Amino acid sequence: MRPLATAFILASGAGCGSVSDTTRDASVGDGAGADATTDAAPAPRCDTLKPFGTPLALAALNTSLQELGATLSTDELTIIYSASTELRLATRSSRTNAFGSPAPLAGVDPAGIRHRPSLTADGLSLYLAYQPDGSADANIHMATRASTASAFGSHASVAALNTTNHDRAPFVVANHSALYFVSDRSGTAQFYRSARTSTTFGPASLVTGTNLQTGTQLDSPTLTPDELSLYFSAERPGGAGASDIWVARRTSAVTGFGEPVLVAELSSQFIDVPAWISADDCVLYFSRTSGGTTPIHDLYVASKP
């Protein structure tokens with residue numbers, strides 16, 4: 001199963017750099033409008049009906065390690081991502097600038113294989129997939145902190161979400177009301193959702209939709225905060241390569257998703273995996289592997305015009 005192979009690759013940390021010579025982040029502009037007497041709502045920064053533009057490699061973050069599974073703060077000025085077995089953090093002064101040099105994320109111990117971080121909107125809770133070593137089952141863990149100026153404490157298992165099978169690729173809804181993840185508990189990888197009440201997660205249920213749980217290598221559910229757009233990675237008929245980025249949409253958070261559609265402009269002959277989507281559905285961060293016998297994940301960003 002490819003997601004587990006990816007975990008083993010993470011543990012090895014071997015590789016040979018970025019697959020792109022692009023050296024800057026995407027430029028993301030803001031729009032605002034007002035008349036002479038009243039304030040108007042800010043203009044949308046993109047047309048969500050248009051395709052994403054050319055993906056740009058995050059050159060300041062990509063190395064010979066496995067960079068993937070990014071999560072961003074709501075202002076998009078801080079990124080936390082996995083680099084092989086550890087988590088790293090980088091910041092920037094504005095959304096139009098490149099990220100600065102990364103550093104290991106303070107706290108979030110114990111060590112092991114830590115990947116697919118997902119941050120709540122308030123920046124105080126961080127979910128991640130954790131394996132003590134490459135042979136262990138992946139489980140969903142969480143670390144917390146008192147303020148965004150503090151370091152995270154040690155991560156611990158979210159017992160309500162974990163089974164004796166692989167439970168991985170967590171994605172927390174921005175307001176901390178639910179968590180989506182991938183689990184093998186039914187025998188094959190499928191998407192699950194668990195609602196959160198106060199500090200407790202309820203029973204996990206299958207995410208429903210038209211032909212959503214079909215194909216192979218289902219991985220990395222990535223949702224807009226309203227839970228109406230679900231990006232994910234999978235091998236499905238009509239795809240472009242080994243594993244592609246798809247999106248399924250719905251008009252209500254209490255109904256099933258529609259038929260998944262290939263995000264063709266972000267899907268290549270290699271492994272493409274979504275990581276984080278902005279609340280306005282304008283900017284997507286994802287990872288893409290290079291070719292060769294040992295694929296190397298690098299981080300990319302793409303924006304809609």
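**Reading a predicted fold**

Analyst: Let's start with two cysteines: Cys-46 is buried, and Cys-282 is buried too. Keep in mind that this is a predicted model.

User: What do Cys-46 and Cys-282 form?

Analyst: Here's the general idea: a disulfide is a covalent bond between the sulfur atoms of two cysteines. In this model, Cys-46 and Cys-282 form one, with their sulfur atoms 2.0 Å apart. Searching the whole structure turns up one disulfide.

User: And where do the two ends of the pair sit in the chain?

Analyst: They link distant parts of the chain, 236 residues apart. Cys-46 is in the loop between α1 (2-12) and β1 (56-57), while Cys-282 is in the loop between β19 (272-277) and β20 (283-289).

User: Is that disulfide left-handed or right-handed?

Analyst: Look at the torsion about the S-S bond. For Cys-46 and Cys-282 it is about -85 degrees, so the disulfide is left-handed.

User: Let me zoom out. How many helices and strands does the protein chain have?

Analyst: Counting elements is a handy way into a fold. This chain comes to one helix and 21 strands.

User: What share of the contacts join residues at least 24 apart?

Analyst: Set aside the pairs that are close in sequence. Among contacts between residues at least 6 apart in sequence, 50% join residues at least 24 apart.

User: Now the sheets. In what order do the strands of the sheet with β6 lie?

Analyst: To read a sheet, list its strands side by side and then check the direction of each pairing. Here four strands make an open sheet in the order β6-β7-β8-β9, paired antiparallel. β6 (113-119) and β9 (156-157) each have a single partner strand, so one side of each has no neighbour in the sheet. Inside, six bridges join β7 (residues 125-131) to β8 (residues 139-144). To find your place, note that Ser-125 stands opposite Thr-144 in β8.

User: Let's pick single residues. Is Ser-118 buried or exposed?

Analyst: Relative accessibility answers that, and the cut-off for buried is under 20%. Ser-118 has 2%, so it counts as buried. You'll find Ser-118 in strand β6. Its side chain reaches the backbone nitrogen of Val-172 at 2.9 Å. Leaving out residues up to four places away in sequence, Ser-118 touches Thr-71, Ser-125, Leu-126, Tyr-127, Pro-170, Phe-171 and Val-172.

User: And how does Ala-195 count?

Analyst: Ala-195 has 35% relative accessibility and therefore counts as partly exposed. Its place is in strand β12 (residues 190-197). With residues up to four places away left out, Ala-195 touches Ser-177, Ala-178, Thr-200, Phe-201 and Gly-202.

Conventions. Residues numbered from 1 in each chain as written. Predicted model: local features only at pLDDT ≥ 70, side-chain atom pairs only at ≥ 80, totals over all residues. Heavy atoms only, no water. Pairing = 2+ DSSP bridges. Buried < 20%, exposed > 50% of the residue type's maximum accessible area, 1.4 Å probe, protein only. Polar contact = N/O pair within 3.5 Å; in protein donor to acceptor, adjacent residues only side chain to side chain. Contact = heavy atoms within 4.5 Å. Disulfide = S-S within 2.5 Å.
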